[in-house]
Protein chains: 2
Amino acid sequence: MTATSEKSIFISPPPFDKTSAYVKLQKFAEMPFDLTANGALTASRIEAMRADAQGFSYLYGFERIDQETLKTLILLAQERKVCEQMEAMQKGKIANFIEGFESEKRAVLHTACRDIFDSPPLSEEERAARELAKAEIEKLKQFIYKLNSKKQFSEMIFVGIGGSELGPRALFEALSFLHHKDRRVHFISNIDPDAVASVLQKADLSKSCVVVVSKSGTTIETETNEQFLRREFFRKGLIPKDHFIAITTPKSKMDSSEQYLERFYIWDWVGGRFSATSMVGALLLAFSIGMDEFLNLLRGAHEMDKVALRQDPIQNLPLLSALMAVWNRNFLKLPTIAIIPYSQLLHRFPAHLQQCEMESNGKSIDRLGRPVPFDTGPIIWGEPGTNGQHSFYQLIHQGTTPVALEVIGFLEPQGNLDFEWKGTTSQEKLLSNLFAQSIALATGQENGNPNKRFPGNRPSSLLLTKKLNAYSLGALLSFYEHKVAFQGFLWGINSFDQEGVQLGKVLADRLMKTFAAQRQNKPSEPFALGDALLKISQEIGGSR
Amino acid sequence: MTATSEKSIFISPPPFDKTSAYVKLQKFAEMPFDLTANGALTASRIEAMRADAQGFSYLYGFERIDQETLKTLILLAQERKVCEQMEAMQKGKIANFIEGFESEKRAVLHTACRDIFDSPPLSEEERAARELAKAEIEKLKQFIYKLNSKKQFSEMIFVGIGGSELGPRALFEALSFLHHKDRRVHFISNIDPDAVASVLQKADLSKSCVVVVSKSGTTIETETNEQFLRREFFRKGLIPKDHFIAITTPKSKMDSSEQYLERFYIWDWVGGRFSATSMVGALLLAFSIGMDEFLNLLRGAHEMDKVALRQDPIQNLPLLSALMAVWNRNFLKLPTIAIIPYSQLLHRFPAHLQQCEMESNGKSIDRLGRPVPFDTGPIIWGEPGTNGQHSFYQLIHQGTTPVALEVIGFLEPQGNLDFEWKGTTSQEKLLSNLFAQSIALATGQENGNPNKRFPGNRPSSLLLTKKLNAYSLGALLSFYEHKVAFQGFLWGINSFDQEGVQLGKVLADRLMKTFAAQRQNKPSEPFALGDALLKISQEIGGSR
């Protein structure tokens, strides 16, 4: 597909730190809203600082903002024209570029992968993209139908790394109670040979399909692990071609009908970390939760895509969330965000968001290649609650570096099984803890014993919905994808490339050659390893 | 057991920021060693900045230090008398206290749990503790022997949260190739009812023992999940007492022969986050890897405990590591540390260290209850390499906030299965990537295209050994436990309590009561949830 080169909307607004809102926000940040003050955290505040969409409520009353700050954050969004940038992105304008230097120059159209329902396409580019996406979904339907009727595979080995693993896996784990009871899935991502060896201990290869996911078809980990598995299939007398399925770009090295039972496509306008709703996640999910539930997930994502297009910032949940993140990062100077889903099933969701945000916004130059004089993407980390409360919450409450929290919660369990003990159900206990932490972090507590003193004023936002199911999970995924994009739009950086991963790849290639050369006297002691390291460090030291 | 109240060694040294080293280090930090300079990263540098012990090599030549900085860091350790503090801790002097205020006043003797081999006890307190620990190990041996001969249980459901789950689970996952083939383990930690429901879908209760771990016997998550499981055992006509095993403090609510098949003990001198080598982790590990391998793990931990007692800082690996962490945190002002094990089997190890470090050192007051005027524990996060390279390394290379890396690597795979592809094995590829990243982060790279520019000077340290096995894993665990303690000794804070988790618990209890009261009109929509929240926020707002 072709995308127009209408990039001006991404370049023309005044830089982040040159907006009129920026200066005002700096001023407000000198004395931000004090959540510990008597009467600061009121019912009306919480109610006023709330936005709803698609069954979700986003509560930002626990952030250190007042109405004046909120207004100015919205002004910031307007000055930076982020709603226009979002629309241009969803229309398929080239959004992945750096002006004036060699760069990827691509559209960013993961939204087209789920724009298969009601809405009229926003543009020619979008229409073309969704037709491609629809065709793959049709192919997938056929494939799943055959697979169900032939009962050919009861296991899947999913091989992919980074964006080709984190998102799909997070979604897979999150829908555990929807999993087909007679099907199992194994994941291999790491080049560590123990990763393959572990799966070989558990999988029945004769009943397994192997889904190999690499956009480029040349990811070294994925290529090696695929070949590793092919060797094991051969050894067992199985024909790999009857088991291996490729998910890749048309005409990549992996686009071969001789090597694969089936091929599904993605395109350069779907970034790896935004690819969970493309074929990258589709086959895995359709295999484990079925085609209908997978479509529900797409539906949820699509509906949230539309929320991200809302022109009124106060109704646009992903944008609001991005504004809070920017307030905490650039004005309150908090270096990290902890994502805390109060749901055990979301245990890999923070790892997905870690990639989605840090690979997108861990940048230092703007759209014109100039170093930015302000902070961009924060460090993202997190574990499910209540577990985190018994781990790192000590630091969040009483450490010297405040952490911004993004809390995700559900009213009902997915498993439809609950237990009442001492007057409350487990789900009620879970939710009580969720709310209690936001309140405790905000208000703090004085105490004559300094060790029992809580300073408070530690911000959090809450994203709540009724139940974690395919639909709400799709919406949640989309919420965060757009939050990430909005932050990039606010900062004026290109959130859609990842040049920062290249240098390490180049050096690793050189080191591999050294290892290969040293193979005769294979090192087997740390000292010998040290030796190898020394040779390399000399080489690199001299080569800079 | 009794511990003397000889606390002076923890209080008497000059405060961290009042040492002569502190001022010098601040000066050095204005122009730290430049790893990007031509010839800065040399073979002799890497070789010189290396310490060995118990098969481990610790390489700190990729840190932004020169010999002068190193000397001054060592001076800091001497001024703060951290070796003397470590010895006092391992002797069983009271190390968990705040002077002048109500506090726990306990010894910190997790080292006694594995001090069952060669060395003579350092003190009466230690002797007493190790006798208790030894008796439990003997009890465990008998129990495992009976369990093996009766073949009573082929599954274990492990119920615990925080320190009673993260460490044991990280160790369990790390030794996957040593697992007994016919035994399975399930974990339940979260109060989320989906956590129990997920396990109920997989476990055969009739063949399962349930190990309930709670030091106090009153952890709400663990108590609730235990009762939830007891109900399910009843429903299946099984007698819980024949299946449930308690790991708790003597005389806790859980110390009941009527409720449990067996009880194993821990004591107040074993902190939760340091309890993985006590009975908290012992039964799980002995069940899954066998008693002999579990003893190998204790042996490795014990040997590293002795390394932590080395008086010469330059030979004391955990201390060196603590000094690098403090340099990066307090002088180079890096707010986070990423722990990157280049081993898929260590995938839960960063989560364990996250607790171990952040709960220990996420504090704001010193031993005398005074607010500290400097930063303490950083935020700890991480995922295995090479996976992280396809996720958050973008930010580490090119983001605006540098991250300190702690890299862990092994020469050989645990699974004894490797695969050669394009001239190198997977293990060699893994190691090439490990080294390449440290080099790339240190040296960076200039480029005419600003998007392909890598600033470099991003520090890392490397901890390497031959193979991940029970012995080296024990040593690795101990290395980090002592690194955490040394950092606390340097800062002069109490790393061994966790008052910061209390406020949230109190508030959660109040909220639970509100939920219970509201049960008649059970809320089922986000709006109703919002309502509940409002009531509570009013209550809290008024009560501060």
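Tutor: With the elements: helices (H or I, at least four residues) and strands (E, at least two) are DSSP runs, numbered from the N terminus. The model is predicted, so local features need pLDDT of at least 70 and side-chain atom pairs count only at pLDDT 80 or more, while totals for chains, interfaces and linings use all residues. Residues are numbered from 1 along each chain as its sequence is written, and chains are lettered from A and ligands numbered from 1 in the order in which they are written.

Student: How many helices and strands does that give for chain A?

Tutor: Chain A has 18 helices and 15 strands. Its radius of gyration is 24 Å, close to the 24 Å of the globule rule for 544 residues, so chain A is as compact as a globular protein of that length. The radius is taken over C-alpha atoms, and the rule is 2.2 Å times the number of residues to the power 0.38. The C-alpha trace of chain A spans about 75 × 65 × 60 Å along its principal axes.

Student: What share of the residues of chain A count as buried?

Tutor: The share is 61% of 544 residues. A residue is buried if 20 or more other C-beta atoms, placed from the backbone, lie within 10 Å of its own, exposed if 12 or fewer, and partly exposed in between.

Student: Why is B:Lys333 placed in its exposure class?

Tutor: B:Lys333 has 12 other C-beta atoms within 10 Å and is therefore exposed. B:Lys333 lies in the loop between H12 (317–331) and E10 (336–341) of chain B, and its phi is near 65°, positive although the residue is not glycine.

Student: What class does A:Lys81 fall into?

Tutor: A:Lys81 has 17 such atoms within 10 Å, so it is partly exposed. This residue also has a positive phi without being glycine, near 50°, and is found in the loop between H4 (67–79) and H5 (82–91) of chain A.

Student: What does B:Ser391 touch, leaving out residues up to four places away in sequence?

Tutor: Residues are in contact if their C-beta atoms, placed from the backbone, lie within 7 Å. On that basis B:Ser391 touches A:Gly162, A:Leu166, A:Gln354, A:Gln355, A:Met358, A:Glu359 and B:Glu383. With 28 other C-beta atoms within 10 Å, B:Ser391 is buried. Its place is in the loop between E11 (379–381) and H14 (393–398) of chain B. B:Thr386 is found in that loop, and the peptide bond joining B:Gly385 and B:Thr386 is cis, with omega about 5°.

Student: How do you know that the two copies are related by a particular symmetry?

Tutor: Chain B can be laid on chain A with an RMSD of 0.0 Å by a turn of 180° and a shift of 0.0 Å along the axis. The copies are thus related as by a two-fold rotation axis. They are superposed by least squares on the C-alpha atoms of residues with pLDDT of at least 70 in both. Within chain B, B:Trp381 comes closest to the axis, its C-alpha at 3.2 Å. Both copies use the same surface, since 100% of the contact residues of chain B recur in chain A.

Student: How many residues does the contact take from each chain?

Tutor: It takes 129 from chain B and 129 from chain A. On the side of chain B that touches chain A, H15 (residues 426–443) gives the largest share, 13 residues.

Student: What makes E5 (residues 155–159) of chain B an enclosed strand?

Tutor: Five of its five residues are buried, so E5(B) is largely enclosed by the rest of the structure. B:Glu155, B:Ile157 and B:Val159 cover one side, B:Met156 and B:Phe158 the other.

Student: Which strand does E5(B) pair with over five bridges, and in which sense?

Tutor: E5(B) pairs with E6 (residues 184–188) of chain B in the parallel sense over five bridges, where pairing means that DSSP finds at least two bridges. B:Ile157 stands opposite B:His186 in E6(B). Five bridges also join E5(B) to E7 (residues 208–213) of chain B, again parallel.

Technical notes: Contact = placed C-beta atoms within 7 Å.
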